[in-house]
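Please open the model in your viewer and keep the selection panel at hand.

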Amino acid sequence: MVFVGRSVPRLEDRPLVTGRGRFAADVSFPHMLHMRVVRSVFAHGRIVAIDTAAARALPGVAAIWTFDDIAHIPPIDFRLTRVEGLEPYRQTILARERVRYVGDPVAAVFAEDPYVAEDAADLVAVEIEELPALLDAAALGEFEPGRATEPAVIRKGYGDVEGAFRSAHAVIELDLAVGRHSGVPMETRGAIGRYDAARDLLEMYGAAKVPHWNRDNIARMLGRDPSTVHLHEGHVGGGFGIRGELYPEDVLVCAAAVKLGRPVKWIEDRREHLIAANHSRQQRHRVRAAVDAQGRLLGIDDEYFHDQGGYVRTHGATVPDLAAAMLPGPYRVPNYRAAGHIRLTNKTPCGTYRAPGRYESTFVRERLMDAVAARLGLSGVEVRRRNFIAMSEMPYERPVDTLGTHVVYDSGDYAGLLDKALAGIGWDNLQERLRARRAKGELVGAGLGIFVEKSGLGPFDGVKISVDTGGTVEVVTGAASVGQGVETVIAQICADALGVDYRRVRVVHGQTDRIAFGLGAFASRVTVMTGEATRIAAGRVRAKALDMAAELLQCSAAELDIQDGEVRRGSGLLRASMRIEDVARHLLPSSRTRGQREPGLSAEGWFFTDHMNYPYGVHIAQVSVDADTGGVTVERFLVAYDIGKAVNPMLVQGQILGGFAQGLGGALFEEFLYDERGEPLSVTFADYLMPTAREVPDIAVIISEDAPSPRNPLGLKGAGEGGVNAVGAAIASAIDDAIQVPGAITQLPVTPQRLRAILRALGGL
Amino acid sequence: MSEKAAVRLSVNGQDYALEVEPRRTLVDAIREDCGQTGTHIGCEHGVCGACTVLVDGEPVRSCLMFAVQADGKAIRTVEGLADGDNLHPLQRAFMEHHGLQCGFCTPGFLMLAAGVLEREPDISDEDLLDVLSSNLCRCTGYQNIIKAVRAAAAEMRAR
Ligand code: FES
Ligand code: FES
C-alpha cells in the first residue's frame, strides 16, 4: 500500500473532535501560580514610578515584578535575519525606562488565582510621562536620545537600474500600501513554567513552532545549560507565523517558576493578544518600473517603509528582507533595486504572518503589472506572459539572497500554470459575461495575481525512528506542529519508506527532551525538510530490518520486501514472512540472534540543504462592488498552485482554503487601527474583523504537480503559503476591473469606507 | 472578591456541586471546576463561539454566562457528544471532510451544529450558513466545516 499522494484521513483528529486535546490552557499543575501582565496604556512614554503596594496587599498575591526584578535578564534575541544595527531595538521582558506601545509589559503579577491576579494587576499604579507617539513609518523619529527610529535599510539588487530607466519606453510609478494585520490564531498564547528542583530541571509547556530555539534562548537568558531546560509542545491552536516565537511572557513564567519555586501559568486574553502578540504586513512602497514598448520589464526600483512597531523582535529583518528578495516573482527583471527602510513606530511590534513579505510584495508587483498593461493598452494576462521566466530557463538564478540562501528558482512552468488557471475559471467566457453584466450597470470584474513562493528552508532536519516490540513505529522529530497535519504527513512518508501502515506511525514533535536538535515549523519547511529526513531514516530502519530478517528467514536481504509491517520472502510455496515487531524483538540488546548488530530496530536520518525551493501559483478573483456601501463581494475565486508533489492532497487543499480566507481578511476586512495618540482601536473581534463562513466563498482549487523540486527525491515543495499569497493582489485587480478604473486600488484592505471614498472621488458613482 | 455561592451543574449527565464566586464564568467553571477542558476560550467577549456549549439544549456562549446562572441546568459539552466509542455523526463528518486543522474551534462548531440540528433537523443550507457564520475558525476557511455539517445533517435525517 502506498500512502504518499493519497488523501488519507488525519491521525490528529480523534482527540480533537472528542474534546481530548491538550492546548496550553488545559495544562495545570498542583500549587500553581497565575501570572497577569500589567501593560502600558500609553503608546510612548517615560516610566516615572510604579506603585505596587496596594496590589501586594491583596490576599493571594505572591509577587509582583517590575524591570528591576529582571534587570539581569538580557533582551530577547533574533532568531532569523540578524542585520547589523538591530540590537539596540530589542525588547526586554519588562519595559525599562520607556514604554513604546500600548500593551508593552510593565509589570507582572503572580497570584493564587487568575481572577485575583487580574484584580491585583488593576491595582498596580503605573505613572507614565507621555511622549509624542510616532505612528507613521514614512516619518523618521527618535527611538531614544541619539538613536533614530531607522535601525537599518535592507538593500538588494543587481544590474544597471539607472540605465534601465534611462532607456525605458515608459516608466510607471506607484505608491502602494498594505495594512497592518496578523495571524490571530483562535487559541491565544499561553505558557506554563515549572521548575523541578529535585532534578534541577526547568520546563515550559505551551511551546510551539520553534521549541529548540526557544529552549536555547530561555536557557541562555536565565543562565542555565540547554540540557537543563525542556520545552513541551501540546496541541497548538493555529500558528500562522506569529505563534511560538519567543515572547516576553514565555521568559517571565520560566524565570518566575525558578525564583518563586512554584509552577506559573499565563494564559493571554484576546485583548492582550490583539495588542501584544506580533502584528505584521504594514508596508508602504514607492515603486517604479521601466518597460520597453512591448511591455517587457527593463527594471524595477522599489523603496519601501516597513512599519516595525515598538521593538525589533525575534524575526529581526525577516519580513522586509523577504519582501525585497521575492518582489520580482515569476518575471524576468533584468535590473532590480530595492531599499527597505525598517522603521520603529509606537505600535505593537511586528513579526511574520503567513507568506511574510510576499503577500505585500506580490500586491506591489502585480499592481505594477496591471499598471504596465494599462499604460501600454495590453491585457494583464498578456503583459504577464511576456515577462515570465520560461521553463527552459530553470533553474533560474536571481542574484539576491534571503534567509541565508541564494535565490535560485528550482523548477517551474509559470506560463503553463497560468494557462491551467485561465482554463479552470473559463477566463474568456468570464470576460464576456462580466462585460454583459457591466453593460447592465453592475460593477463586476475579474483580476489575477501570480506569484512565486518559497518553502523548505534548511539548513537541516533530523529524525529518529524506532520500531517497538508491539509494532508501533515512533518518529521523533525536532519539527513542530501548529495544527496543519504534520503527524499525518510525516507518518505517510515514513509508512511508505518503511513498509508499514501509516496508522502504526506515531509522530512525536516539539519535545526538546526527546531529540537534541530541531528547527521547528515555519517557512513551509516541515513537509520538505522533516519529510526527507524521515524518508532517509525510515530507509535505514528498513535496511536494518531486512538484514536481520534475512538471517532469520535464511535468504538474502534482496529477496525480501516489507509490506504492511510484514517482512516477506517470495510467493507460493517459497513464501515466508515475519512481523516487523518480531524483527524488533530479535534486535533487543538481550537477544541472542542479534549478533553484532547495534541494538534496537531504529535509526536516525538527517537531511541538509543550502537552498529553499520555490512553488508557485496563480490566483483569480471575480468580485462585485456595491456602489452604495462600498462593499465588495467575492463571487468566485480560483487558486492554482504547483506543489511539486502533494503528500496528502486533502491537506494541501485545506492549507489553500485556510490561507485564502486569511488573505481575504487582509484584502477586505482586517486592519489594526490606532487613534492619533497611538491608542489601538482594534482590541476585540468586534473591531478586528476576521472573515466568517458568510464572507468566505467556496473557491476552486487546482493543485498541480508539474514542477517537482529537483532538490529532494520526492520532489516536495511546501503548501502553507500558496493560498494566501496573491489574494490581496487578485482582489485589488478585480475591483479595478469592476469599477473600470485601472490602478484605483492602491491600499489594502479595501474596506467599504475606502472604496466609497474612491468612488466618490471619481464622481457620479 | 465576594462571597461564594453554591451552584449545582449537571455536565454531560454528571452532577457537580460547586462553590463559586458570582463573577465566575460558566466556561471557567466547566473547564477548571468540572475539569472538562474540551470547551475552549477564544475571546471571552462572545464573538468567536469557541466556548459554545448546550444549556438545556440551546447553544450558549459559556464565556458570556456566569456559572451561577446555570445553576440546576443541564449542560452538554463536546466530551458528551460521542456515545462511548461511537462518535457522533458530526464528529465523524468533521474528520471525513477535513473540517478541522488545529481543532481549537472545533468543539464550539460541533456543539453549535449539534444544538441547531437537534432542534431543526431540516434546516436549509442558507440558514445553516447563517448559523455557522456565528463562530470563527482561523484555519480552515470554513468550506470543509460547512460540508461536514451538511453531510452530518443528511445522515442524521436519514436515521
Ligand atoms: S470565548 Fe466565548 S465567544 Fe469567544
Ligand atoms: S481549525 Fe483551527 S481555528 Fe478552526
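How much area do chain B and chain A bury between them? Select both chains: they bury about 4200 Å², 56% of it on carbon and sulfur atoms, where buried area is the accessible area (1.4 Å probe) that two parts lose on being put together, summed over both.

This is a predicted model, in which local features need pLDDT of at least 70 and side-chain atom pairs count only at pLDDT 80 or more, while totals for chains, interfaces and linings use all residues. Residues are numbered from 1 along each chain as its sequence is written, chains are lettered from A and ligands numbered from 1 in the order in which they are written, and side-chain values use heavy atoms, with hydrogens and water left out. Colour chain B by pLDDT (the predictor's confidence in each residue, from 0 to 100): its mean is 96, and 99% of its residues reach 70 or more. For the complex, the predictor gives an ipTM of 0.98 and a pTM of 0.97.

Next, select the residues in contact (heavy atoms within 4.5 Å), which number 50 from chain B and 52 from chain A. Across this interface there are 5 salt bridges, a salt bridge being a side-chain nitrogen of Lys or Arg within 4 Å of a carboxyl oxygen of Asp or Glu. One of the pairs to display is Arg23(B) with Asp119(A), a salt bridge at 2.7 Å, N to O.

Now move to Arg694(A) and Glu126(B), whose side chains meet in a salt bridge at 2.8 Å, N to O. Arg694(A) lies in the loop between α17 (649-669) and β30 (700-704) of chain A and Glu126(B) in helix α4 of chain B, so the pair joins two chains; helices (H or I, at least four residues) and strands (E, at least two) are DSSP runs, numbered from the N terminus. Arg694(A) is partly exposed at 33% relative accessible area, as Glu126(B) is at 47%, given that buried means under 20%, exposed over 50% and partly exposed in between (1.4 Å probe, protein chains only).

Staying in chain B, select Asp125(B) and Arg150(B), which form a salt bridge with the closest N and O atoms 3.3 Å apart. This pair links distant parts of the chain, helix α4 and helix α5, with the two residues 25 apart.

Finish in chain A with Arg82(A) and Asp77(A), a salt bridge with its closest N and O atoms 3.0 Å apart. Here Arg82(A) is partly exposed at 45% relative accessibility, whereas Asp77(A) is buried at 12%.
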